[in-house]
Amino acid sequence: PFSCSYCLSSRGDQATEFRPLDMVCRELDAILERKPRLVKFVDRSFNADPARAREIWKHLIARGAGTTFHCEIHPLLLEEEDFALLSSAPQGLFQFEIGVQSTNARTLGEIGRPVEWNAIKDSLSRLVAMKHIHTHLDLVVGLPYDDLASIGAAIDRVLSLGADHFQLGFLKALHGTELRTRAAEFGLAFEPFSPYEIISNNWLSPDDLALLRRVEQLIESFVNPHGLDALLSQMAEREGWFSLLKRLDEHCRTRGFDITTKNVKRCEAVLKEL
């Protein structure tokens with residue numbers, strides 16, 4: 001339904017199709033009889049048709065809890081009726097993945113996703129505040145015009161929301177996408193084998209990307225487990241999330257600390273050394 005230049009689903013030969021709503025509900029009922037723990041809808045944007053998505057959510061809410069349903073949604077398409085409906089969902093029924101991708105207006109315009117941060121941040125805040133719904137927010141590193149400073153600003157903005165999970169992903173130059181056909185224009189160098197992940201571009205050097213990959217690991221080890229929320233929030237409030245993560249990275253490298261550890265006590269100890 002959208003035209004994101006890095007995504008195969010944006011191609012003209014990938015037109016959006018909607019499975020009949022009554023068929024979807026019948027099939028969901030058949031799946032629920034098996035009592036699975038998790039069901040993932042694979043739609044790139046589950047709520048591309050907001051009214052249709054709302055009917056599916058209503059059906060699942062009426063069936064009650066027991067299975068979690070994962071939906072990738074677009075926050076710009078959420079309406080007041082959606083927030084009212086979702087507030088009535090049982091604990092753990094839904095988990096939402098939301099691709100913020102970037103907060104740089106020029107970047108978003110270039111990739112065919114012209115949705116400014118100010119247009120979605122309130123909806124994101126309201127979703128994150130619904131603690132009965134698991135929220136997962138994404139950024140993509142390597143998009144045109146996104147340099148280290150603008151990516152750092154995006155990390156600050158997204159982490160300050162306090163979502164359940166934050167993922168810093170790295171651009172893949174997929175065959176058949178507009179972005180790959182314009183690779184020379186953007187100075188995009190990428191791995192020659194699948195998944196064709198970015199090596200550098202006009203705005204990010206290999207060293208910048210190496211730093212951001214370490215920051216990604218620090219987020220996985222220190223932030224996403226949520227065992228150090230109070231301490232991290234206090235520290236980030238003073239200097240910003242990205243500044244804190246860069247300083248933590250430098251300290252861990254100097255100290256020889258294993259940043260892949262998920263041991264909360266070890267992570268807390270190294271944080272307090274800053």
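Pro-90 sits in the loop that links α3 (80–86) to β3, where helices (H or I, at least four residues) and strands (E, at least two) are DSSP runs, numbered from the N terminus. With a relative accessible area of 23%, Pro-90 is partly exposed; buried means under 20% relative accessible area, exposed over 50%, and partly exposed in between (1.4 Å probe, protein chains only). Leaving aside neighbours within four places in sequence, Pro-90 is in contact with Ile-61, Gly-64, Ala-65 and His-132, contact meaning heavy atoms within 4.5 Å. The C-alpha atoms of Pro-90 and Asp-156 are separated by 31 Å, the two residues being 66 residues apart along the chain.

This is a predicted model, in which local features need pLDDT of at least 70 and side-chain atom pairs count only at pLDDT 80 or more, while totals for chains, interfaces and linings use all residues. Residues are numbered from 1 along each chain as its sequence is written, and side-chain values use heavy atoms, with hydrogens and water left out.

**The sheet**

- Five strands form an open sheet in the order β1-β2-β3-β4-β5, with parallel pairing; two strands pair if DSSP finds at least two bridges between them.
- The edges are taken by β1 (38–40) and β5 (165–170), each of which has a single partner strand, so one side of each is left without a neighbour in the sheet.
- From one strand to the next, the twist averages 20 degrees.
- Strand β2 (residues 68–72) is joined to β3 by four bridges, the two running parallel, and Phe-69 stands opposite Phe-94 in β3.
- Strand β4 (residues 134–141) is joined to β5 by six bridges, again in parallel, and His-136 stands opposite His-165 in β5.

**Strand β3**

- Eight of the eight residues of β3 are buried, so this strand is largely enclosed by the rest of the structure.
- In a regular strand the side chains alternate between the two faces of the sheet.
- In β3, Phe-94, Phe-96, Ile-98 and Val-100 point one way, whereas Gln-95, Glu-97, Gly-99 and Gln-101 point the other way, and all are buried.

**Helices across the sheet**

- Helix α5 lies across β3 (94–101) and β4, running at about 160 degrees to β3; axes are lines fitted to C-alpha atoms, for helices over the stretch in contact, and angles run from 0 to 180 degrees between N-to-C directions.
- Ser-123 lies in helix α5 (residues 117–129), and because its relative accessibility is 14%, Ser-123 counts as buried.
- Not counting residues up to four places away in sequence, Ser-123 touches Pro-75 and Phe-83.
- Helix α8 (residues 206–223) lies across β4 and β5, running at about 160 degrees to β5.

**Packing of α8 with α10**

- Helix α8 and helix α10 (residues 241–255) pack at an angle of about 95 degrees, with their axes 10 Å apart.
- The two helices α8 and α10 are therefore roughly perpendicular to each other, a term for angles of 65 to 115 degrees, whereas those under 35 count as roughly parallel, those over 145 as roughly antiparallel and the rest as oblique.
- Residues making the contact include Leu-211, Leu-218 and Phe-222 of α8, and Trp-241, Phe-242 and Leu-245 of α10.
- By class, this contact has 12 nonpolar, no polar and four charged residues; Ala, Val, Leu, Ile, Met, Phe, Trp, Tyr, Cys and Pro count as nonpolar, Asp, Glu, Lys and Arg as charged, and the others, Gly among them, as polar.

**Nonpolar core**

- The largest nonpolar core has 85 residues, and those with the most contacts inside it are Trp-57, Phe-94, Ile-155 and Phe-222; such a core is a set of buried Ala, Val, Leu, Ile, Met, Phe, Trp, Tyr and Cys residues joined through side-chain atoms within 4.5 Å.
- The largest share of this core, eight residues, comes from α8.
- Ile-155 touches Leu-139, Phe-166, Leu-168, Val-215, Phe-242 and Leu-245, not counting residues up to four places away in sequence.

**Backbone features**

- Most residues other than glycine have a negative phi, and most peptide bonds are trans.
- Lys-35, in the loop between α1 (21–32) and β1, has a positive phi near 55 degrees and, at 69% relative accessibility, counts as exposed.
- Tyr-145, in the loop between β4 and α6 (148–159), has a positive phi of about 70 degrees and, at 22% relative accessibility, counts as partly exposed.
- A cis peptide bond with omega of about 10 degrees joins Ser-194 and Pro-195, and Pro-195 is found in the loop between β6 (189–190) and β7 (198–200).
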